[in-house]
Amino acid sequence: MNEPKQPRKLNTGSASGRSSAPSGSTGRRINRSGSSASTGSQQRTVYHASEQPRRQAQPQRQAQPAAHQGQPRRRPKKKKSPLKIALISLLTLVAVVCVGLFGLYQWVVHSISPEGGAPSLSELINTPSEFKGDVVNILVCGIDKDETRNYGGSSSSNDGMTDMIMYVNFNVKEKKINMLQIPRDTYVGEEYKTGGTGKINAVALRNEGGIADLAKLISEQYKLPIDYYVTIDMQSLREIVDLFGGIEVYVPEYMEYDGSILYPGLQTMDGNAVEFFVRNRKTYAQGDIKRLDMQRYFYQGLFARIRTATVWDIAKLTPVALKYVTTDMPGDVLVSVGVSFLQVDSANIMMCKVPTYSAAEYYNGNAIQVCDTEKTLDLINTYFLSYTTPVDSLDVPTVPTVGSSTDSNVQYMGQLDTAAGDTGESSTGDTSTAQSGE
């Protein structure tokens, strides 16, 4: 005959089987329906202290049921504090973000590195090993890929000329940067192919080694070591500036050409206005030589904007870098150089240009710039080889010249900062119709 089911006593104490309380203790009995939790005929009853201290409500060890005696004691599970849970969650999130950023970093570095078969620089032209880590020398070239021009001899060719050539000497140890502008029409002789122009801007396009051959030529003729190169499609200027929401650039003089106008003073330029500013040369008597001087004001504005860039600015610029920038710099060097650059004061960033003769100099009917080797030699030894042994001569080809050469125009970025800062409020002309100048 079945006995009626007994109510189940809920055990809310520890799992050690301490079920008896001292006689005479005052407590509240918790009784819930369910199957009996007894061992044999013995029932387990658990009490919680209500008015007495909790230590008095604890059951005596000797009253343990026989079935539980000798079993290992199990500790109750401790609840994790909200602070600990939040800390674990934060660390997990940081780990995920770091993994994601590392993956993005690897993808970006891979994307802007040369594809298989692309040129790499010979170690023979690198900076001497004893200066490794202290000095890095980089060739930076802006490539003009104007779709209206037929550079390679066929309508499908659009490789472009290296119309902006700059040698950058970065003394990381002393936190100094010296930059040498090489005019695009500088005469380079006949050792390298130039398509009959004799100009340096055609070397990378016309020779099989591409940018590596241009680096080799500069190293041979100007005695300058080169570790890495960076090429930038000049078409990226518009996108970079517009992604930044415009850039403040100091305009030294009134400029007007082919419907584009820029007023003197500090101007906030959009992409079209900047392209007109850096490419215009038709309005200057000295043409490309004067343009090099004007471009420095754009570099000053760009560097100033980069120093204030946020993580979101960098995120927006990443697609532009993937599309328009190519470099053979390893990822770790790229990051190291970028971080070190931000630590350089503008007073320690110098820009100058190769002194050249330009009066009525021609090669195969093409107007050229002829290097003033004496002035250039002094310039290179003073600013670009000061950390090592100076050279006695250069191997830059020359032709008979007349008149005097241009000035190297040594300027520090701090001077340009001052010029821009001293302008105060400027008249902001309508630059919405500005287009690229030629």
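User: What does buried mean here, and which residues of helix α10 are buried?

Analyst: Buried means under 20% relative accessible area, exposed over 50%, and partly exposed in between, with a 1.4 Å probe and protein chains only. In helix α10 (residues 413-421), Met-413, Gly-414, Leu-416 and Ala-420 are buried. This is a predicted model, where local features need pLDDT of at least 70. Residues are numbered from 1 along each chain as its sequence is written.

User: Why do we say the buried residues of α10 line one face of the helix?

Analyst: Seen down the axis, they fall within an arc of 160°, so they line one face. The arc is taken from the directions from the helix axis to the C-beta atoms. These buried residues pack against several elements, including β5 (176-182) and α6 (288-307); contact means heavy atoms within 4.5 Å.

User: What makes Ser-219 count as buried?

Analyst: Ser-219 has 13% relative accessibility, so it counts as buried. Ser-219 sits in helix α3 (residues 211-222). Leaving aside residues up to four places away in sequence, Ser-219 touches Ile-125, Leu-224 and Ile-226.

User: Why are α4 and α7 called roughly antiparallel?

Analyst: Helix α4 (residues 236-243) packs with helix α7 (residues 311-324) at an angle of about 175°, their axes 10 Å apart. Angles under 35 degrees count as roughly parallel, over 145 as roughly antiparallel, 65 to 115 as roughly perpendicular, and the rest as oblique. Therefore α4 and α7 are roughly antiparallel to each other.

Methods: This is a predicted model: local features need pLDDT of at least 70, side-chain atom pairs count only at pLDDT 80 or more; totals for chains, interfaces and linings use all residues. Side-chain values use heavy atoms; hydrogens and water are left out. Helices (H or I, at least four residues) and strands (E, at least two) are DSSP runs, numbered from the N terminus. Axes are lines fitted to C-alpha atoms, for helices over the stretch in contact, and angles run from 0 to 180 degrees between N-to-C directions.
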